[in-house]
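The entries follow the order in which I looked things up.

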Amino acid sequence: MNPILEARKLSMNFGGLRALDRVDIVVLPGQITALIGPNGAGKTTFFNCITGIYSPTEGDIFITPPGGRQKRITGFNIHRVTESGVARTFQNIRIFPDMTVLENVMIGRHCRTNSGVLGAIIRDKGTMAEEKAIVARSYEILKKIGLTEHVNLLARNLPYGAQRRLEIARALATDPFLLLLDEPAAGMNPQETKDLEALIISIRDEWEVSVFLIEHDMRLVMGLSDSVYVMDYGEMIARGTPQEIRQNPEVIKAYLGEDVSA
Amino acid sequence: MSTLNNTKYIEGMKQSVVVSLWFMFLTFPIMVIRVNTIENIIEWRWMNMIYVGAGSFILSFIWRYLSGKDISRRKESIDAQGGHRSYLQRLVSEKRLSLPALAIVFGIAIIFPFVSSTYQTNIMTTALMYVVLGLGLNIVVGQAGLLNLGYVAFYAAGAYTYALLHHHFGVGFWLALPLGALAATILGVLLALPVLRLQGDYLAIVTLGFGEITRLVLENWNEFSFGPSGISGIPRPGLFGMEMGMHDATVYLYFLMIILCIVTIFVVNRLQDSRIGRALLALREDEIACQAMGIDKTRVKLTAFALGSTWAGLVGVIFAAKTTFVNPASFTFLESAMILSIVVLGGTGSIIGIIIGALLLILLPEYLRAFSDYRMLLFGLIMVIMMTFRPQGIVTGVRKTYEFHREENKL
């Protein structure tokens, strides 16, 4: 099976600091892959490299859309990565606070639609049909995510958990085949985390979108993931199934420090 | 209860005394001391000091009263969960009210030139020009959130396009109108390209520089723009080759401006409620998230600059035709500041607010000619008071949001 996302020897330097050191990662289609590691391990930097926010110092990133051919996306602009089918959410929520929930999702449809300035002024049939389709599709997505009761509310007025879900809805609106979630459960209460778990599974199974997530909530990661990568100090120190990772001495060391008694 | 009120009252008195002492001290050198250079003596005008003291004492009371009221009102509106809307907003949003209001405004606009003098019509035409300029700048500043302090450069581009094309090739007004707009649009894109990475203050400084550079080029490149002496003899717009007198030409220009205003409002309004308008808004809200949604930042910013400067180009051509003369002195930074003031004072993002802002800022100084010495002082005072008590502008920009209704399934 061709990996849906592959990073080869990806390195990122910030001045003298090596935030990523020859990281190799393979994400398989139809799977939920997790990336864990202590704070400052370089997980978000890795996401930023993939999604074009940073341009990696060395290494390559390839994606293979389902039924498509392998494509190199190293150093792509942010919007071109999204256009290629890799959407993301952010660690600190970045919804558009002064737009309504529906409008937030409508923005996600931007890159799959193409009416321009002239269409906006003339409002010809094509533009209006497209506009209608954007609204209909956005509403459909919100329905699936379960945010329809807030549809006309300004996003800033949403409760925290709903804001996180909105960010996911907005990312899904760009028709991705791979969704990158940066700490989706951060700050959520146990009930919200449970709902999120169900949502992520449904994204994989019903939406048929592969998921690659960074998460600190170990219960969530271990219960959810098909495969787990562990990073520490910019290096990939382990990969495997949740079961293997749990028993990996390297991982335990990274999280808990050296075993003094040994 | 009464003792509480009493202490509050005494507190207020104390504050006002301090304020008036401060003002007396600050204005002492200019208001009290006067050097009489003819007789070589110093005049001490102590009466002025008393005026300043008494005046600032009373003003500080009014100030405190107003700001106290403002705070309590703000609390009220928070209590009402933002359900509080001003009369103007209601006037705009409710069809029942807005249609008759629109009809009345339109009626007045049609009748205006026939009941007033050429001078009045001329002033009104100028005000309408600033309405269009304000609406154009609003696309860049209000919608896309890109602070542009060099907007006058595009205005100049339109004016000089007509002036130069007429001077060299005898091009007429109607051909120059689209060409001027095109020139301004191209200039807008050219400016946008290098400043794409800049935000906030940095963008403001670069655009400010750009505006000044444009003016300096026009002033110094004699072979191209004829320097400070400018270009004269630009014809007014024609109407099927008819010869028009001064008055008729003014009225004709007035109606042209009315039409251009309507077109601008129509287009700006439609742009706001479109895929492009949404992208501009998203870009203003969060640049990174906006890009992560697959929106090409470069393209959206270029579009915003291009759309904004087009209007300036159009108005520039009309300006050249109206004054029949252009020179760089008409395109100073003060013009940019004026247009920006219109946008900010009227209410960033609000079409009706900008119209009111433009009419106020352009018409008020004209009708305050009686106090022409204090015009700028008054102008400044109004700005300070506005920004203190109503920083969101005369009309708060209430965006028409998309609302989803299941049954109708439409916007």
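**Entry 1: the four-stranded sheet of chain A**

I began with an open sheet in chain A, in which 4 strands stand in the order 2-1-4-5 with antiparallel pairing. I noted that the model is a predicted one, in which local features need pLDDT of at least 70 and side-chain atom pairs count only at pLDDT 80 or more, while totals for chains, interfaces and linings use all residues. I also noted that residues are numbered from 1 along each chain as its sequence is written, and that chains are lettered from A and ligands numbered from 1 in the order in which they are written.

For my own use I wrote down that helices (H or I, at least four residues) and strands (E, at least two) are DSSP runs numbered from the N terminus, and that two strands pair if DSSP finds at least two bridges between them. At the edges of this sheet I found strand 2 (17–27) and strand 5 (71–72) of chain A, each of which pairs on one side only. Strand 5 of chain A pairs with strand 4 (residues 58–63) of chain A in the antiparallel sense over 2 bridges, and K71(A) in strand 5 is the bridge partner of I63(A).

Helix 1 of chain A packs on this sheet, where it touches strand 1 (5–14), strand 2 and strand 4 of chain A. Here two residues are in contact if their C-beta atoms, placed from the backbone, lie within 7 Å. The direction of helix 1 makes about 70° with that of strand 2 of chain A; axes are lines fitted to C-alpha atoms, for helices over the stretch in contact, and angles run from 0 to 180 degrees between N-to-C directions.

**Entry 2: the six-stranded sheet of chain A**

I then looked up an open sheet of 6 strands in chain A, which has the order 6-7-8-3-9-10 and mixed pairing. Its edge strands are strand 6 (86–88) and strand 10 (235–240) of chain A, each pairing on one side only. Neighbouring strands of this sheet are turned against each other by 20° on average, direction ignored.

In which sense do strand 3 and strand 8 of chain A pair? Strand 3 (residues 32–36) and strand 8 (residues 210–214) pair in the parallel sense, over 4 bridges, and T33(A) stands opposite F212(A) in strand 8.

Helix 1 (residues 43–50) of chain A packs on this sheet too, touching strand 3, strand 6, strand 7 (178–182), strand 8 and strand 9 (227–232) of chain A. Helix 7 (residues 190–205) of chain A also packs on the sheet, touching strand 3, strand 7 and strand 8, and its direction makes about 145° with that of strand 8 of chain A.

**Entry 3: where chain B meets chain A**

I turned to the contact between the chains, which takes 28 residues from chain B and 34 residues from chain A. On the side of chain B that touches chain A, the elements that give two or more residues are helix 10 (246–272), helix 11 (275–285), helix 12 (287–292) and helix 13 of chain B. Helix 11 gives the most, with 7 residues.

**Entry 4**

Chain B has 16 helices and 4 strands, and 35% of its 411 residues count as buried. I recorded that a residue is buried if 20 or more other C-beta atoms lie within 10 Å of its own, exposed if 12 or fewer, and partly exposed in between.

Helix 7 (residues 173–195) of chain B has 23 residues and reaches 32 Å from its first C-alpha to its last, close to the 33 Å expected at 1.5 Å a residue, where the expected span is 1.5 Å times one less than the number of residues. Its buried residues, among them A176(B), L177(B) and G180(B), pack against helix 6 (152–169), helix 8 (200–220) and helix 13 (297–323) of chain B.

Leaving aside neighbours within four places in sequence, V317(B) is in contact with G158(B), A159(B), T161(B), Y162(B), A176(B), L177(B) and G180(B). The C-alpha atoms of V317(B) and A159(B) are separated by 4.5 Å, although the two residues are 158 residues apart along the chain.
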